[in-house]
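Okay, thanks for making the time, everyone. Let me put the structure up and then walk through some of its local features.

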Amino acid sequence: MKSVYENLPDTPGVYLMKDAHGGVLYIGKAGNLRRRVSSYFERPARLPAGRQDSRIQKLVSEIRSIDHRQTDTAIEALILEAKLIKELRPPFNVKEKDDKSFLYVEITKEAFPRVLLVRGRDLGDGKRLAPTLNERLVPNASAEARRRIARFSAGFGPFTSAASIREALRILRKIFPWNTHLADTLGKFGRPCFDYEIGLCPGTCVNMITKTEYRKNINNLKLFFGGEKKKILRNLEKEMASAAKSLEFEKAEKLRRRMFALQHIRDVALIHDSEGPSFEASGMKPYRIEGYDISNISGTSAVGSMVVFMNGEPDKNEYRKFRIRTVEGANDVGMMREVLSRRFENSWALPGLILIDGGLGQVNAAWKVLKEFGLKIPLVGIAKGAQRKRNDIIGKIPEGVSLATLIKVRDEAHRFAIKYHKKVRGKEFMN
């Protein structure tokens, strides 16, 4: 079968595997088309008995030709893959896979639209079958708020890899910032949110951007998901020239940086994901470790912390803090579930390992959240006991990660949570 793939390019793109009648059997994405496709034919023969995927073997046995479409980047390959799967519904992509398990990118129909990941839209008629992530996170939202959330102006998908589409959104949000705030809270923040500080939110939280400018970001995002990157670049170039002519040099420079970012997308994580053979287990290297803890006093002033260690060292620019919104009373398990749900709603970089400062109940809550989001990330808990004198390990520590490092992550998550809790408690006391 070497003749089927030996002439494929070493570039990103999408491959379409076809049977003897020209019917499409399977569609996949790749950072390197030749390497990815060759792995279907070369790797299974080297795998020991019992580790060969029967579905992959059946697919390979039916392949007679392979078409491909090149793209500039792995992100564009990811988007093109989703578009073609939706149009052609190849049996090896959708067979034995419930449509409810696919992910879609949805853009809300609001004055300042949000970009959400929704699981469970029917591929045939577009009917929503499951609540949005925000509806699950805001169970006490008003009926009108729920109706606003439920109305979408655009939807893209299906995306078969949760990790890939989350990473793609993380990259794209740096180029075209959007807000994640509910409409009822816009403009009511006392100061810009954390996402604004790191360039992900355009400032809707404190009325720092007009609807017109914000809609440009959203429209460009829609064009990108529609495969219209060249049109975006043309529009940005015209806008930059107009700004320079009007002596708006700061705006022109901002647009120039946006064009550069769009032309030089760095999607290494997506390429790595797309090149991993689907018939081999591919564990995620615990390079980024996230640690979580909850802090409250009998359920009051409840907060959660997220700390990040990169290569064993804290990366404080990646830290996040959460004020508990939906859980009342002393319920650390429910609070941990809320924190993890809110964390994975965002398109931040995915960790290689999650560390929970807590017992079995909190670890189980974390497992449920990961399952809900379709994520397979190693998870370890450290139960410390009432006096914080024990280090009872829950779960298996991945190879290459030391217990000493995990204890450092646990202690830092605890310190960060306590610090934020004291701040929140102080503000509540003053009020």
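**Local features, one by one**

Let's start with Asn-207, which sits in the loop between H9 and H10; helices here are DSSP runs of H or I with at least four residues, strands are runs of E with at least two, and both are numbered from the N terminus. Before I go on, this is a predicted model, so local features need pLDDT of at least 70 and side-chain atom pairs count only at pLDDT 80 or more, while totals for chains, interfaces and linings use all residues. Residues are numbered from 1 along each chain as its sequence is written, and side-chain values use heavy atoms, with hydrogens and water left out.

So, Asn-207 is not a glycine, yet its phi is positive, about 55 degrees. Is Asn-207 buried or exposed? At 58% relative accessibility, Asn-207 counts as exposed; the cut-offs are under 20% relative accessible area for buried, over 50% for exposed, and partly exposed in between, with a 1.4 Å probe and protein chains only.

Arg-89 is another non-glycine with a positive phi, about 45 degrees in this case. You'll find Arg-89 in the loop between helix H4 (74-88) and helix H5 (91-94), and with a relative accessible area of 37% Arg-89 is partly exposed.

Pro-158 belongs to strand E6 (residues 152-159).

Okay, salt bridges. The structure holds 21 of them, where a salt bridge means a side-chain nitrogen of Lys or Arg within 4 Å of a carboxyl oxygen of Asp or Glu.

Next up, Glu-253 and Arg-256, with 2.8 Å between the closest N and O atoms. These two are three residues apart in helix H12 (residues 249-263), so about one helical turn separates Glu-253 from Arg-256. Glu-253 is partly exposed at 31% relative accessible area, and Arg-256 is partly exposed too, at 39%.

Then there's Arg-410 with Asp-411, closest N and O atoms 2.7 Å apart. Arg-410 is buried, at 6% relative accessible area, whereas Asp-411 is partly exposed at 38%. There's also a network: salt bridges with shared partners join Glu-213, Lys-216, Glu-239 and Lys-251.

Now for the rings. How many aromatic pairs does a search of the whole structure find? Eight, and the rule is that rings of Phe, Tyr and Trp (its six-membered ring) pair if their centres lie within 6.5 Å, with planes under 30 degrees apart called stacked, over 60 edge-to-face and the rest tilted. Take Phe-112 and Tyr-214: their ring centres are 5.3 Å apart and the planes are at 70 degrees, so the pair is edge-to-face. This one links distant parts of the chain, 102 residues apart: Phe-112 is in the loop between strand E4 (103-108) and strand E5 (115-119), and Tyr-214 is in helix H10 (residues 211-225). Phe-112 counts as buried at 15% relative accessibility, and Tyr-214 counts as buried at 0%. Elsewhere, ring pairs link Tyr-15, Tyr-26 and Tyr-40 into a cluster.

Last stop, the surface. Arg-191, Lys-316, Lys-321, Lys-419, Lys-423 and Lys-427 gather there in a patch of positive charge. Patch residues have over 30% relative accessible area and no salt bridge, with like charges joined within 9 Å and nonpolar side chains (Val, Leu, Ile, Met, Phe, Trp, Tyr) within 5 Å. Which helix gives the most to the positive patch? Helix H16 (residues 403-430), with three residues. Arg-191 comes from the loop between helix H8 (162-175) and helix H9 (194-197), and Arg-191 is exposed, with a relative accessible area of 56%.

That's my tour; over to you for questions.

Terms used. Accessible areas come from the Shrake-Rupley method with a 1.4 Å probe; for residues, only the protein chains shown count as cover. Lys and Arg count as positive and Asp and Glu as negative; His and the chain ends are not counted. The place of a charge is taken as NZ of Lys, CZ of Arg, CG of Asp or CD of Glu.
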